[in-house]
Amino acid sequence: MRRAPGLLLRDAATRPGAHRPARGGSRLVSWRIPSLRIPASDPATRQALLLGLVALIYFLSGKLGLSFAELNGSVSAVWPPSGIALGSLLLFGMRVWPAIFAGAFLVNATNSGSVPCSLGIAIGNTLEGVIGAFLVNRFAGGPRVFDRPRDIFKFAVLAGLGSTAVSATCGVSSLALAGLARWTHYGALWLNWWIGDVGGDLLVAPFVILWGSSPRVRWPRERLAEAAALLLSLVLVGHLVFGRLLPGTSHRFPLTFLCLPVPIWAAFRFGRREAATATLVLSAIAVRGTMKDVGPFSSAGYNGSLLLLALFTSVVAVTVLTVAAVVADRVLTVAAVVADRRRIEQAVRSAYAELGLRFQRQSTDLSRAIHMLRAQVSARTRAERYADAIVATIREPLLVLDSDLRVKAANPAFYRFFRITPESAQNRFVYQLGSWNWDIPDLRRLLEDFLPQNRTLEGFEVEHTFPGIGRRTLILNAQQIVQDESPSRLILLAFLDITERKRAEEALRISVERFRAVAETAADAIISANSRGDIVFFNGAAERIFGYGAGEAIGQPLRTLLPERHHEANRLDLERYLATGDRLVLGKTVELEGRRSDGSEFPLELSLTGWRVRSEVYFTAIARDISERKAAEQKLEESRGQLERAQALAHLGSWTWDVAKERIAASPETFQIHGLEPRPGWIDRSAIADLVHPQDRAMFGEAARRARETGEPLDLEFRIIRPDGVLRWLHTRAEVETGPGAARIEGTSQDITERKRAEQQIRQLNAELERRVQERTAELERSNNELQMFATIAAHDLQEPLRTVTAYTQMLAKRYRGRLDPAADELIAFATEGATWMHQLIDGLLQYSRVGSAKIQCESIDGERVLARALSNLRRALDETRAVVTHDELPRVQGDESQLVLLFQNLLGNALKFRRRAVPKIHVTAHGQGGEWKLGIRDHGLGMEPQHLERIFAIFQRLHGREEFPGTGIGLAICKRIVERHGGRIWAESEPGRGSTFWFTLPGAETAAGAGESSASSVASTAGGRGSEA
């Protein structure tokens, strides 16, 4: 990418002259970061070694990244290889893509074991790096991408956000096609993959590119101390935010903002390489802390924490790199502007002085020589010799032509300057010089068109490329010389080389344009005025702040921008400085009011400096509108007032205890709580500590000592006796803050006397309530036992007459079927069916009663065995329906085995009963949830409407008639009672025509092994074993 001369952005460590010894004699310490230098002399060998080294680094970093995988063994939210691939392609070119492909293939082949899947992932990873490198080279400056902020944003969008989508899409698709990931998890895996690659591109790639491009470091010794302080601060901040440096602070307090100042420090003081390094180190500390479940993102779970952390570190990386580029650009630009301006001013002054002196000297010498030649015609030989000597002393090239434009003579300076020998020039046409290189159109116009009309011509500018000396800009002064004794004329050409002056003028123009560009992009107003106080420069920010256009402001007095009450003081300050040099405001930052074009006033922060150009004095003011800051300060003051009022309402006072000096500063409410008159500033700690109740002083002193020695937070309730004798309860919370000197304790004290009184009343009421609850519970248990006994006795007592009725109706049906009329047979059938139905209802009621009254024998039970027993009990129904029952690996649970067998048997029986015409398919699943297990039985049967999902668990509730499906409506009620007695819950999910899933929870056994991911479902046997057909 082409850049304007002088605008190439480089870090201070790589600028020309940056390695000179620092002022004051400090010495530089230099070292070089090891770079990828291949010792082999053969290009093919070097290429092979380079590819092998890049592949090895990619492979090792890939293994490191996969150690953070959570959702899938091949998908990680931390993926450094993407940055290594992009950095390698930008540093070494597209020739290293085979190394990227080989490293990616080996990482995944050794991880998943699937060659097709590894090939797909390797292709995606390679395409990501190649596309990212192509886009950065094409649109963002290639390896110099971090020189300019806009290129950094292009890098973040094109490489960080764009090319990474290719790898994520190819990788997750390959995993899904190979059966190593579920399609239902595609979105989550894609996002996880993509964010990991984004983090690698934005964190690792800048580090690789910046250090790979410029590995040499040279710092003054004092800069080493600052670098050590920077590293120490980085480690401390990293462990403070993402470690356990202060236990518990990462969750209670939002300390994430502390991560930005240290990398920005590196950006301002060192440069882009060190800023990228600081960001990478901070990210490594953050990843380590997040893996240990520490830090502000740890509450989102392992994978969620890494995703949030990757997003956070990527944003920090882009921000810090942008700041580093802006700082480097501004520092270099300002330094170049100042240096160029001084150098150009000196060069222009010297050039003008030299030009005038040379031309004056030439004119004087030529006039003297010509006059002497004319006056001494009789001594022509001596005069010519004298003229030659004079001409030979002239330092500027001179050329004499005859009327035919042939070279008659030239001074030595001509031959030296144009590198022409006298033999090659004498008597030749001037255009033939330098192998016709002097056939210059501008020279022809001078000699053939302009000079014949004028005896003298000065200041004719010619620009041409001459052999041996390159392109030059010359001023030609021509004069016709008429000889007294000859009608022919001679032409004298004097050459003045102004190439350096032209370059100086161009450099001055570029410097002025650069200064204007910097000034116009500044956010603060930049205004310059001359010694009369008239504005001579007014940048765009000044136009926005003051409301004047630059055309309106330039030429106006500087005091126009101030309210009238400041005009006189401004005039006096200007006169005093010009007269005495006394600086009252210069070099300082002051706050005053500014005045806009509409007459409105606003607060202004002003910095004023003076400078000279030769004898002229100029002033430059940098002004900033601080209206928002003043408003914020006013809001802060209002907030302080609101805080004091809120503390008074809440009876909450704040205080600071200086442990070393045994003094305390407290809010007015703290004094009010202690019954003291408010006092500003620091007071002796004893004034408050002596009010602690004598019985609580030992506890209070021990807690304060422990807080000082261990740094643990202070949380204490104690009593005080105020000076008026009133006893009050206080609740004090405090944190220990350790600074460079002694420790301080910051805390609050709240008057909780009323709360203590309320707690005492609540304890009394709770005791009374507990007594009443115990009485009611005992009474309720007696009632339940009596009701249970009644239900059991009633059911048993109903069984005997029901058996009699059933027996006689069945006997009646057998003996008289066909001997009576059809109506009588139908009535007998109704009676028999009703008696049978009543018998089933009573049996169900007895079973429901037994489930509720039987004592649960809690033990650790194998879920596989429970399912096998239930399937064995349903063997006949399974054979008749040819049902297929599959299940996941079932855990060990805590419960009563017989009741859990009944639970599984009822739920599986329902699935077999309410089936469609197709072969029933039933699946049993299990998921761990903390200390319990969530089990489900899913079928593909009839399903039900959502409004019936609660009603089906009530006793005797049915959705179908007995003619459609047999049953009493008690089975699900029994299931609910079993689950609830085991401390769980049961519910159903269903969709008409799609089937139902019955979910229930059971407590996990202490010795149960956690169930892993669902195994491949297989056909279950009638005995319930895994892997055979029912």
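**Exercise 1.** Which residues in α2 meet which residues in α6?

This is a predicted model, where local features need pLDDT of at least 70, side-chain atom pairs count only at pLDDT 80 or more, and totals for chains, interfaces and linings use all residues. Residues are numbered from 1 along each chain as its sequence is written, and side-chain values use heavy atoms, with hydrogens and water left out.

Step 1. Locate the helices (DSSP runs of H or I, at least four residues, numbered from the N terminus). Helix α2 covers residues 81-92 and helix α6 residues 186-213.

Step 2. List the contacts (heavy atoms within 4.5 Å). From α2 come S82, G83, I84, L86, G87, L90 and L91. Their partners in α6 are G196, D197, G200, D201, V204, A205, V208, I209, G212 and S213.

Step 3. Sort by class. The contact of α2 with α6 has 8 nonpolar, 7 polar and 2 charged residues. Ala, Val, Leu, Ile, Met, Phe, Trp, Tyr, Cys and Pro count as nonpolar, Asp, Glu, Lys and Arg as charged, and the others, Gly among them, as polar.

**Exercise 2.** Describe how helix α7 packs with helix α9.

Step 1. Take the geometry. The axes of α7 (residues 221-242) and α9 (residues 261-269) are 9 Å apart, at an angle of about 160 degrees. Axes are lines fitted to C-alpha atoms over the stretch in contact, and angles run from 0 to 180 degrees between N-to-C directions.

Step 2. Name the arrangement. The pair is therefore roughly antiparallel (over 145 degrees).

Step 3. Find the residues. R223, E226, A229, L230, S233, L234 and V237 of α7 touch V262, W265, A266 and R269 of α9. They divide into 7 nonpolar, 1 polar and 3 charged.

Conventions:
Helices (H or I, at least four residues) and strands (E, at least two) are DSSP runs, numbered from the N terminus. Angles under 35 degrees count as roughly parallel, over 145 as roughly antiparallel, 65 to 115 as roughly perpendicular and the rest as oblique.
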